[in-house]
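Take a look at the chain below. Then work through the questions and answers that follow.

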Amino acid sequence: MNIKNDSEDGKPLLTKLILKMPKTLPLLTLFGTLLHQGIALAAPEQPSNFEGQVTDTVVTLDWADASPEDTVDGYNVYRNNQYLSTVFESEYTGTVEANTLYTFSVVAFGGDPTEFSITSEKLSLPESLVPTDLTIPPTQPQDLSGTIDGNTVELTWTASTDDESVQGYNIYENNRYLTTVLEPAYTGFVETDASYTWSIVAFDVRTNFSQASDSLTLPDTGPIDTTIPPSTPTGLTGTVVGSNATLTWTEATDDRGVAGYNVYRDNQYLTTVFSTTHAVAINADEFTNFSIVAFDFDGNFSSSSDSITLPEITDPAALLEPPTQPGELAGNITGTTVNLNWTASTDNLGVAGYNVYRNNQYISTVFSNAYTGTVESDLFYSFYIVAFDHNGNFSAPSSALRLPEGGPGPSTEAPSIPVNLTGSLTDNDGEFTVSLSWDASTDDEAVAGYNIYQNNNYLTTVNTESYQGTVDSEGPYSYFVVAFDIPRNFSAPSQRLSLPDEGNQAPYFDGFEDQTLFAGPVWELIVRPLDSDGDIPGLFGGTLPLGMQSIDNFDGTRTLRWQPLQPAIGEHQITMTAFDNADPTISTTRTITLTVVMPDDPSIIPNPGPTIDAIGQYSVRYGDNVVMRVKAVDANGTTPHLEILNPPEGSTFETFPLDDRVRVLRWTPDASYLGVQELHFKATDADDDSLTFESTVELTINDPSNYVLPGERLRVLAERIDFKFGYASLLEWYEQPDGSLYGDIAAAEFNLVSTENSMKWGYINPEPDVYRWEGADNLVSFAQENNLEIHGHPLIWYTVLPPWIINSEVEAREAIMNTFIDTVVQRYNDNVTIWDVVNEAFEDDGTYRNSVWYEAMGEDYIRKAFVRARASAPTAQLLYNDYDVGMSGAKSDAMYELMQELLASGTPIDGVGFQMHVKSDFDQLDEVAVNLQRFADLGLDVYITELDVAMQEGDTQEQQAEVFAGVLSTCLAQPACKATQIWGFTDRYSWLNDANALILTEDYQAKPAYEALQGVLANQ
């Protein structure tokens, strides 16, 4: 076949076809494009066994063809990727320049219409010039320049060089591949009035690619700001089909054009894409986190988009679960380099990274469980690690690691007191700025920071010797500073600074310092507050150690007197607050530590005799099981011998398993014991049997008919109108002498029960990871057996907290709160239908109470607690509960505003609880009705949660009954009021002790209040 006869212009057919192709077509895609133009490439097979040699200036090539002979018309020969010649046999001879490296290839063609084979393997000749390293790329294209004329752009650049040969150049327009050319020049089309950025990449015969040239922007608009990053990608969403995920997001913007997007998977770079979508394979059984970062042509990167987790999270609680604590922190310091490693944390949605802390200060974030950094030599450091997940949940800190190893243990020496505290208070158009500064403290290790106190309340922590912040008014304010070191030793407070300088000064203490005492001798300390203004400050104290007296000296001072014995060995803290008599809001609180140690001569410690804790008089029914705990105590800490001198027939008297000082009498009296029975107990000292103590307890045993209450049961009347009427249950009532009577009356009178104390944090979770479930479990069993709904009380409260919570690190408290809510709510979710999620968050003036939770999270702890509770209790009623909010006032208004804010933010809250601890002269029922209505108008349910009516001197039981009836009637008149609960039901077990505030007497007899409640329920 004569190729020239197939072409009118005399050019070989393949050459003609190449010339018809767009000049912008990449050479490597030529044959694919020919295929799309309707030219089949299947008939001739790829030439094989391609061989050759160069002798001086002559090149000889030969090859084999796997195609049938009649399907091949000829072969096109290429040199350095450019057409060289056409031959009709499977060999070629031609001339080349001496000592020059060339690359040859062959394409077979044949058939009608003409079809082309795949290009043969490339052959570089002469072999002596082929480099040993075939991976070396061409040099970077240089001197890129160009012009735009109308809609035509022309670019030129200095040709690259290569150890074999440069085959061509890829041209990139706005960071996207545009075309391939074979020479260092390009002409193309552009839009009018548009800006473009170009760059060039060279490639060689081995398809090695050079670095991109410097970019060129046309038209040239002069100097521009090349530091502006793109906007943050938004709207990131994803879908999952099988094991494939597809991500899409909204396009970012940039002043010079967005160049592309980096995709991150689990906080690690995954890939770069140039569109706003990306498909990726995932494990459908694991959660994977994705985020997007945009970048421009100047190498500026946007902020990371909001992340998403795939597959989609359907359990809200999963979003709140923090990572596990990093474990086994280890490391070393070599010279000035520190290396740390730890056991990786785990998380249900994946650990996003780790924050590294040095000397209690954040220093870095890493994304693996190792860290390398620099330190100063010859210093000691403390490190710890906190893990975090993609939803911003943080683990508990790891155990601290002190380096270098072999150094001294943590110092117990406190930093020096900060001195020369000065400051100013500046009015800037109604916004007041406070500025403080002081001289640096010193420490035997290193000062880690300073705690700043404002008006005796912790304000913030800083790591420098200065502070600036804002306050709400012109003052006055009182400030002091406390330094702390790496092992968390705290200095004494600095001198107090009042701002502005004039005005009342806070009082202070004279000689109220830490002390060491010997067990045995009587110790005394005069607590003496002073005031620079000359007035005598007021003084009040916190909880004192057991047995310590606080004696008023009637001169503004108090004497603390104490005889510590062996059980007092250890540390005890005493807190005293002195307040200004002219302005009680100006006060100073100081805490000292008393350390009690054994004397060298223990015989100086006296041995007082034992005692038996007082036991009240009880009335019980014959036939009931009587349970009586009797406790013998000894001030020296030994366990006395305890016995009952006249044990009733059939009774047992056994040691209580949780306290060997307690013995439990169990006895079921029959009718023969009717009347008053005296039980005699004796305690004998463990060290001196001549020291004894005796106690007599009277137990009245009655006929069961004595305890039959008049009329219909309250429960029956309430259920008749579909109403919840409840009580708060005594903790472990079944261990009381009259426990059987108490339980029977509770089951008969009520259909709802609150956990008065069995779920309070200090009882149920006294130590980390230690839970006492018995009290709550037994109440749940009792409620189930008697068909009572359960009102869980309370999850989050500012008081009745165990010491380990009060003394916890502030930054750890959110995780502690979450764990407690999860643990308790999940255990009882199937049984508890109502939860007091947050209890008593406000002070009486409507300000937020400065609790351990407020200190850690601000007021947002309330919202977080409800979100956490809802995750574990999807169907329960979640309440906010508080006292003195039933009437109008600042506190009620504050609670109303809080409810508005929580509802507006989508917080899962169902209702509010009104504690009604009132007195027998209470007459504000109209205010209660108005308040119930305004909360109902928010769409909330309302509950009377803690009703009792304390008797006052001169008031009658009939007046008390009117208040009980009035509160219940007010609730029943409000459709949104779902329940009324009395805080107990017998005066024997009321938290108000002698106020006789409940509806049954100590002997379980009906009071007028009981019959008044019957009347209200019966008349609905």
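Helices (H or I, at least four residues) and strands (E, at least two) are DSSP runs, numbered from the N terminus. The model is predicted.

Q: In which loop is N996 found?
A: Start with the elements on either side. One is strand 61, residues 977–982. The other is helix 14, residues 1008–1018. N996 is found in the loop between strand 61 and helix 14.

Q: Is N996 buried, partly exposed or exposed?
A: Buried means under 20% relative accessible area, and exposed means over 50%. N996 has a relative accessible area of 34%. That value lies in between, so N996 is partly exposed.

Q: Is E840 buried or exposed?
A: First place the residue: E840 lies in the loop between strand 57 (832–839) and helix 9 (852–857). Its phi is positive, near 60°, and it is a residue other than glycine. The relative accessibility of E840 is 7%. The cut-off for buried is under 20%, so E840 counts as buried.

Q: Which residues does I282 contact, leaving aside its neighbours within four places in sequence?
A: I282 sits in the loop between strand 20 (277–281) and strand 21 (288–296). With 9% relative accessibility, I282 counts as buried. Its contacts beyond those neighbours are V240, S243, A245, T288, F290 and L310.

Q: Which residues does Q454 contact, leaving aside its neighbours within four places in sequence?
A: Q454 belongs to strand 32, residues 447–454. It is buried, with a relative accessible area of 18%. Beyond those neighbours, Q454 touches L459, V471, Y477, S478 and Y479.

Q: How many Å lie between Q454 and S498, C-alpha to C-alpha?
A: Along the sequence, Q454 and S498 are 44 residues apart. Their C-alpha separation in space is 9.6 Å.

Q: Is the peptide bond from L403 to P404 cis or trans?
A: P404 lies in the loop between strand 29 (401–403) and strand 30 (419–428). Omega for the bond from L403 to P404 is near 0°. The bond is cis.

Q: What is omega for the bond that joins L125 and P126?
A: P126 lies in the loop between strand 8 (123–125) and strand 9 (142–149). The peptide bond joining L125 and P126 is cis. Its omega is about -5°.

Q: Are helix 12 and helix 13 roughly parallel or roughly antiparallel?
A: The axes of helix 12 (residues 925–936) and helix 13 (residues 957–972) come within 10 Å. They cross at roughly 25°. Angles under 35 degrees count as roughly parallel. Helix 12 and helix 13 are therefore roughly parallel.

Q: Which residues of helix 13 meet helix 12?
A: Helix 12 passes helix 13 in a right-handed crossing. By class, their contact has six nonpolar, two polar and no charged residues. From helix 12 come L925, V928, A929 and L932. From helix 13 come G966, V967, T970 and C971.

Notes:
Residues are numbered from 1 along each chain as its sequence is written. This is a predicted model: local features need pLDDT of at least 70, side-chain atom pairs count only at pLDDT 80 or more; totals for chains, interfaces and linings use all residues. Side-chain values use heavy atoms; hydrogens and water are left out. Axes are lines fitted to C-alpha atoms, for helices over the stretch in contact, and angles run from 0 to 180 degrees between N-to-C directions. Angles under 35 degrees count as roughly parallel, over 145 as roughly antiparallel, 65 to 115 as roughly perpendicular and the rest as oblique. A crossing is left-handed if the near helix is turned anticlockwise from the far one by less than a right angle, and right-handed if clockwise. Contact means heavy atoms within 4.5 Å. Ala, Val, Leu, Ile, Met, Phe, Trp, Tyr, Cys and Pro count as nonpolar, Asp, Glu, Lys and Arg as charged, and the others, Gly among them, as polar. Buried means under 20% relative accessible area, exposed over 50%, partly exposed in between (1.4 Å probe, protein chains only).
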